[in-house]
Amino acid sequence: MLIERKWKKWVYFYLPMAVFILFTLFPFYWMAITAFRPDAELYATWRQPNAAPLWTLQPTLEHVKGLLQTTAFPTWLWNTMLIAIVSTVISLVCGTFAGYALARLRFPGSEFLGTAIFITYLVPQTLLFIPLADIIRDMQLGNTPWALMLTYPTILIPFCTWLLMGYFKTIPRELEECARIDGATRFGAMVRIIFPVAVPGILSAGIFAFTLSWNEFIYALVFMASADQKTVPVGVVSELIRGDIFFWGQLMAGALLGSVPVAIVYSFFVEYYVTGLTGSVKG
Amino acid sequence: MANVSIRQLNKKYDNGFHAVKDVNLEIKDKEFLVLVGPSGCGKTTTLRMVAGLEEITAGEIRIGERVVNDLPPMDRDIAMVFQNYALYPHKSVFANMAFGLQMRDYPKDEIQKRVREAAEILGIEALLERKPRQLSGGQRQRVAVGRAIVRHPEVFLFDEPLSNLDAKLRVQMRVELKRLHERLETTAIYVTHDQVEAMTLGTRVVVMKDGLVQQVGEPLELYGRPANKFVAGFIGSPAMNFVEVSLSGDGRWAECQGMRLQVPERLHRLGGKRVTLGVRPEALRLVNGAEAHCLATEVDVVEPLGNEILLNFRAGGVPMVARVDPGTRVRAHDAVRFTLDPARLHFFDPQSEAAL
């Protein structure tokens with residue numbers, strides 16, 4: 001890095017950085033602090049004596065307890081987990097093979113196919129759920145986890161395919177050619193050489209797919225009716241907002257617990273995620 | 001051990017580009033054949049067709065007695081070293097070298113033995129546990145060669161294997177490759193764009209241009225008797241000087257920048273015509289004045305290289321280079337006179353560029 005004057009570094013680097021961090025992290029802080037404040041504090045006005053709007057004086061686990069005991073939250077968590085994992089696996093398997101094929105195989109219409117897959121990704125979910133709802137009803141999958149496990153890949157596969165196609169293109173072709181001379185078939189070279197090298201790309205596609213299905217709202221709202229089939233985002237919103245009453249403590253406790261698994265997944269793979277998205281392989 | 005025979009080989013890409021045109025080559029057993037030429041001349045495409053990485057549009061390739069046109073790369077019993085080495089980044093050096101043997105179901109102790117043996121030949125025993133990214137360029141190069149030799153293939157294919165190394169290492173690896181070939185006695189086909197590499201490594205050298213073979217021959221044959229102007233200019237550094245000259249009416253003499261050159265007898269029939277004269281830099285000799293029919297000129301750039309000095313000058317507007325003894329005292333802008341060694345002149349047809 002070039003040597004610069006110190007005050008310049010503060011003004012142009014640290015200060016904007018601090019503003020940015022505050023801006024991104026404050027909602028998370030607000031969620032966490034709200035989850036642990038007693039109702040008395042939550043509904044008190046800011047003008048009241050001893051008010052501490054940004055902090056809690058009597059931290060409590062009452063909302064977390066209430067959430068786990070009075071609502072079906074554990075079931076929602078389990079549903080979300082199951083649906084996210086299954087749809088991620090389906091999307092990764094399809095996306096990996098499709099991405100490889102589009103990156104490496106030259107067949108008539110391969111470019112058209114690549115573009116077509118990308119275009120399906122551009123169709124907004126808010127339109128797509130209408131025909132999908134029809135299909136789900138015809139196949140009698142409504143209100144079962146399969147309704148989501150099979151519809152999430154419709155958005156995830158195009159994304160995974162495109163991300164992985166880009167990643168496969170950064171892997172030198174020679175690696176594969178060398179493997180084929182060494183005695184591997186095309187499929188063997190793909191599985192033994194290209195996939196292991198593409199692990200960062202595959203992982204970042206996986207993380208993305210997992211997060212997307214974990215947070216998905218519209219399909220989950222439309223296709224799931226009964227309380228015990230809901231996912232966390234839908235369950236929390238539909239069961240903890242009754243009429244015009246917001247159970248802020250439990251809502252935020254639900255959001256907090258719901259985001260923990262995603263945070264854990266990210267923290268494990270963050271390095272792969274970065275290399276996966278920026279993509280660089282050296283032979 | 002095998003010979004490779006390439007007959008009427010053609011490659012046309014889907015976009016209509018005709019990369020390789022009617023190439024015929026007979027590569028003898030244990031021979032080290034080098035394909036050399038400027039980029040886009042079809043040398044790499046030819047090699048890739050031998051490897052089975054590129055489909056053959058027309059023609060035939062035989063390895064030993066087998067026609068391999070439709071065999072997949074794995075069944076051709078070849079090994080290839082790539083320009084970017086193509087080491088498997090997630091595997092250790094040992095696993096990289098063992099991969100080809102594992103794919104062919106060799107027993108474990110045989111794999112161990114062969115990898116150790118190859119590592120010893122190449123001096124990389126200490127690196128077997130490392131990953132490719134922990135190796136220097138020269139070490140990666142050795143591993144890539146090691147991966148090829150463990151398999152004891154019938155034919156080695158090299159695709160510009162030295163061009164990613166720095167100049168000094170390249171010279172060193174060049175010698176090592178030659179030594180290795182003498183030791184292993186395996187047929188090798190080597191592609192390069194560097195004519196020095198081609199001359200030092202090849203038992204025979206094939207010069208290609210625009211998909212066509214220009215000349216096939218031993219290195220000194222190419223240097224001494226180039227078949228056309230392209231080969232003459234491509235082989236040798238600095239390149240051969242070319243000047244257009246007119247032959248006298250009886251064809252015995254050529255006039256060039258005040259010089260009268262004796263023309264070999266075989267060209268007397270061309271009396272009165274214009275031909276291209278080719279002069280190697282070392283065929284120009286500095287003289288001290290008195291001799292008749294000298295080329296008088298002024299040196300514009302002097303390149304003292306230590307073992308020789310290169311003098312750049314212009315003769316009738318054409319830039320030329322002379323290679324002279326390192327003891328010569330010449331400075332830029334000195335007036336000098338050269339004579340030409342009549343036995344070392346090359347003549348080319350100005351239209352077809354073929355040697356006359």
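Colleague: Which domains is chain B divided into?

Modeller: Chain B is divided into domain 1 (4-228) and domain 2 (241-348), with bounds from an automatic or database domain assignment. This is a predicted model, in which local features need pLDDT of at least 70, side-chain atom pairs count only at pLDDT 80 or more, and totals for chains, interfaces and linings use all residues. Residues are numbered from 1 along each chain as its sequence is written, while chains are lettered from A and ligands numbered from 1 in the order in which they are written.

Colleague: How far apart do the C-alpha centres of the two domains lie?

Modeller: The C-alpha centres of domain 1 and domain 2 of chain B lie 40 Å apart.

Colleague: Next, at what angle do H2(B) and H4(B) pack?

Modeller: Helix H2 (residues 93-103) and helix H4 (residues 137-149) of chain B pack at about 30°, with their axes 8 Å apart. Helices here are DSSP runs (H or I, at least four residues), and strands are E runs of at least two, numbered from the N terminus. Axes are lines fitted to C-alpha atoms, for helices over the stretch in contact, and angles run from 0 to 180 degrees between N-to-C directions.

Colleague: And which residues of H2(B) and H4(B) meet?

Modeller: B:Val93, B:Asn96, B:Met97 and B:Gly100 in H2(B) meet B:Val143, B:Gly146 and B:Arg147 in H4(B); contact requires C-beta atoms, placed from the backbone, within 7 Å.

Colleague: How many residues does each chain bring to the contact between chains A and B?

Modeller: Chain B gives 20 residues and chain A gives 16 residues. On the side of chain B that touches chain A, strand S6 (78-81) and H2 each supply at least two residues.

Note on methods: Two residues are in contact if their C-beta atoms, placed from the backbone, lie within 7 Å.
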